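Q: Got a chain here to go through with you. Can you take my questions one by one?

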Amino acid sequence: MQNNTSQFQQELLRSLTGDIKLGRLFAPPAGESPFAVGLPDSFKAAAVAALLCAGQRPVCLLTPDAEAAAGWLENLRALLPPELAENALLLPAVELSPFTDFQPEAEAVAARLAALTALARGGPVCVAAPAEALLGRFEPKETFLADRLALTPGATIELDELAARLVELGYARESMIDTPGTFACRGGIADIFPVGWERPVRLDFFDNEIETVRYFNPETQRSAETCLRELELFPCRVQRGGVSLLDYMPADAYLLVDEAALCEQNLREAERERQIYFDGLLEARRLGKKELAAFAAAYLPAEEIIQAINARPHSSFMQLAAKSALTQTLHIDVKALPAPSYVGQLALFAKDLKKWRREGRRIFFCVSSKLRANSLRDLLADYDYPEAAIGVLPLAAGFDYPAGKLIV
């Protein structure tokens, strides 16, 4: 039987829920920092996806760089049901500048805003971040949530007050808007392009009451369909002081570290490169010591971040055992392998399929399209396996987890 994708995902992840060794990895004894070695990327993602599905707690995943974070998110979004896949978010590192004409890219600011909002609210969300993103300071969570501005039909607010609130949140006032993070107010209308949205919205007022919220086209300036999405704005201003990202995490949130030694290296190298930049500014007399010290306060020391991670319960993955200042004290012997490749080897595939079924394995086939799913279903029918679980999801690679009698 070919399952619909959501049912397929749920059944696959349910196969890992309650696994004893994964339970020890993610819920360690007090004072221990467990780690697992040599696991395929797709298996690690499946284990974390199962963790998200089984609980209602946030996950913060630290990676050695942005590329690794993107790889994690690609696999997680493939494995998670749609309602959870949208909660797998990237929190990128953002470089600031002491010069006022420099602003971080709007896309990076939007990604950070979405991740911070999700973490601040709690629940089943996974935020993947390159380790160096933790060096930046963030607005305190309480302030971040308190500054939330919800704009819905029927709400009352003076246009001048709305404009002032938007400026406080970090939005720029323009005569006409076409980029995220901007707004315009005129004659009973407020146009806002929310950070993280693909389209701007227009608020029509009757006196000081919001009558309608509609999308609009910045090129034609014409209103379009009603916006059914909740218009909820959070601070998007560049933060030059505040708290660590870890302060956004509830006490019971999962903190996972992928390649601890490389994450430590990423933290220390980013700090070292930033110090070289600061020294160059001083040497060139582009900034004085006082101005530079004020700007440098926007960052936390790498050692402080390492200590903060070690002060929290955390679990680690690594391909090869390696020493790190990020604590790893308890080896959990989880063994998983990359799935075999059967390109041009159908006879071997048929043999292994028969063996897996004889062993009582749970077998899940992931394909890239419905066409491939139909072709595979026909092939498996020839092998007397018409009830095979087949799902259309773009998992980067499969895995074999013998202890769990699972193969993907």
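Q: Lys44 to start with: buried or exposed?
A: Lys44 counts as buried, at 2% relative accessibility. Buried means under 20% relative accessible area, exposed over 50%, and partly exposed in between, with a 1.4 Å probe and protein chains only.

Q: And what kind of model is this?
A: This is a predicted model: local features need pLDDT of at least 70, side-chain atom pairs count only at pLDDT 80 or more, and totals for chains, interfaces and linings use all residues. Residues are numbered from 1 along each chain as its sequence is written, and side-chain values use heavy atoms, with hydrogens and water left out.

Q: Where is Lys44 placed?
A: In helix α3, residues 41-54. Helices (H or I, at least four residues) and strands (E, at least two) are DSSP runs, numbered from the N terminus.

Q: What does Lys44 touch?
A: Not counting residues up to four places away in sequence, Lys44 touches Leu39, Trp72, Asp258, Phe317 and Gln319. Contact means heavy atoms within 4.5 Å.

Q: Let's follow Trp72. Which helix holds Trp72?
A: Helix α4, residues 66-79. Trp72 is buried, with a relative accessible area of 6%.

Q: Which residues are in contact with Trp72?
A: Leaving aside neighbours within four places in sequence, they are Lys44, Ala45, Val48, Leu61, Thr63, Asp258 and Phe317.

Q: What joins the side chains of Trp72 and Asp258?
A: A polar contact of 2.9 Å. That term covers a pair of N or O atoms within 3.5 Å; within protein, one must be able to donate a hydrogen and the other to accept it, and residues adjacent in sequence count only if both atoms are side-chain atoms.

Q: New topic, strands. How many residues of β4 are buried?
A: Five of the five, over residues 126-130, so β4 is largely enclosed by the rest of the structure.

Q: Which residues sit on each side of β4?
A: Cys126, Ala128 and Pro130 are on one side, Val127 and Ala129 on the other, and all are buried. In a regular strand the side chains alternate between the two faces of the sheet.

Q: Which way do β2 and β4 run, parallel or antiparallel?
A: Parallel, with five bridges joining β2 (residues 59-63) to β4. Two strands pair if DSSP finds at least two bridges between them. The bridge partner of Val59 in β4 is Cys126.

Q: What about β3 and β4?
A: Three bridges join β3 (residues 88-90) to β4, also in parallel. Ala88 stands opposite Cys126.

Q: There's an open sheet of six strands. What is the order?
A: The order is β6-β7-β8-β9-β10-β11, and the pairing is mixed. The edge strands are β6 (172-173) and β11 (223-226), each pairing on one side only.

Q: In what sense do β9 and β10 pair?
A: Antiparallel, over six bridges, between β9 (residues 201-206) and β10 (residues 209-216). Phe206 has Glu209 in β10 as its bridge partner.

Q: Zooming out, how many helices and strands are in the chain?
A: There are 13 helices and 20 strands. Of the 408 residues, 47% count as buried.

Q: What does the C-alpha trace span?
A: About 70 × 55 × 40 Å along its principal axes.

Q: Last one: what share of contacts comes from residues 24 or more positions apart?
A: Such residues account for 71% of the contacts in the chain with a separation of 6 or more.
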